[in-house]
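Biologist: I have a model open and would like to learn how to read its features one by one. Could you walk me through it?

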Amino acid sequence: MKKNDLPLVYSCSGCSQVAQLANRIAVTLDRRQQAQMSCIAGVGGQVKPLLKLARSGRPILAIDGCALSCAKHSLANIGVQPSHHLQLADYGLKKKCAEEYSDEVAEQLVQEINQTILPQLIPLTAIVDSE
């Protein structure tokens, strides 16, 4: 599948471990070429090439760690609504700053995203064209 056929993924990357988990998940999706990660800080900073990418019309997955939903709100500030918003707090994960979530938790969430969310975001034509 071509890079431009992949959904964009934006994540929170705040100081709590659940925010860092959101970022780890987004990085994993990017490195596995299951989504293209873009920079939410660049969106907030009004960096023109990153604004153009966010507004490109590609499907967007926004991953936030907690109910503050910083990634979702950063996109909303530029008039962009994610195709899907995932809040890790909805999975019962708590915001703490003293410890990290395990790689196993991160992988379980990546698998959940692969099975239930990404198929909704990747156009069928992109899947057919890649075979």
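Biologist: Let me start with E107. Is E107 buried, exposed or partly exposed?

Modeller: E107 counts as partly exposed, at 28% relative accessibility. Keep in mind that this is a predicted model.

Biologist: And what does the side chain of E107 pair with?

Modeller: First the general idea: side chains of opposite charge can pair when their charged atoms come close. Here E107 forms a salt bridge with R32, and the closest N and O atoms are 2.7 Å apart. This pair links distant parts of the chain, with E107 in helix 5 and R32 in the loop between helix 1 and strand 2, 75 residues apart. R32 is partly exposed too, with a relative accessible area of 39%.

Biologist: How many salt bridges are there in the whole structure?

Modeller: A search of the whole structure finds three. One of them joins the side chains of D103 and R24, at 2.8 Å from N to O. D103 lies in helix 5 and R24 in helix 1, so this pair ties together parts that are 79 residues apart in sequence. D103 counts as exposed at 57% relative accessibility, while R24 is partly exposed at 24%. In another, the side chains of R31 and D30 meet at 2.6 Å, N to O. R31 counts as exposed, with 59% relative accessibility.

Biologist: Where is the kink in helix 5 centred?

Modeller: The kink is centred on N114 and amounts to about 45°. N114 is also one of the buried residues of this helix.

Biologist: How do I read the sheet? What is the order of its strands?

Modeller: Reading across the sheet, you meet the strands in the order 2-1-3-4; there are four of them, the sheet is open and the pairing is parallel. Strand 2 (36-37) and strand 4 (84-87) are at the edges with a single partner strand each, so one side of each has no neighbour in the sheet. As for an individual pair, strand 1 (residues 8-11) and strand 2 are joined in the parallel sense over two bridges. Within that pair, L8 stands opposite Q36.

Biologist: Which strands do helix 1 and helix 5 lie across?

Modeller: Helix 1 (residues 17-31) lies across strand 1, strand 2 and strand 3 (60-64), and runs at about 150° to strand 3. Helix 5 (residues 103-121) lies across strand 3 and strand 4, at about 140° to strand 3.

Biologist: Now the cysteines. How many disulfides does the structure hold?

Modeller: A disulfide is a covalent bond between the sulfur atoms of two cysteines. This structure holds zero. For C39, the closest cysteine sulfur is that of C12, 12 Å away, which is too far for a bond. C70 is in no disulfide either; its nearest cysteine sulfur, again in C12, is 5.3 Å away. The cut-off to compare with is 2.5 Å between the sulfur atoms. Both C39, at 36% relative accessibility, and C70, at 41%, count as partly exposed.

Definitions and conventions. Residues are numbered from 1 along each chain as its sequence is written. This is a predicted model: local features need pLDDT of at least 70, side-chain atom pairs count only at pLDDT 80 or more; totals for chains, interfaces and linings use all residues. Side-chain values use heavy atoms; hydrogens and water are left out. Two strands pair if DSSP finds at least two bridges between them. Helices (H or I, at least four residues) and strands (E, at least two) are DSSP runs, numbered from the N terminus. Contact means heavy atoms within 4.5 Å. Axes are lines fitted to C-alpha atoms, for helices over the stretch in contact, and angles run from 0 to 180 degrees between N-to-C directions. The bend at a residue is the angle between axes fitted to the seven residues ending there and the seven starting there. Buried means under 20% relative accessible area, exposed over 50%, partly exposed in between (1.4 Å probe, protein chains only). A salt bridge is a side-chain nitrogen of Lys or Arg within 4 Å of a carboxyl oxygen of Asp or Glu.
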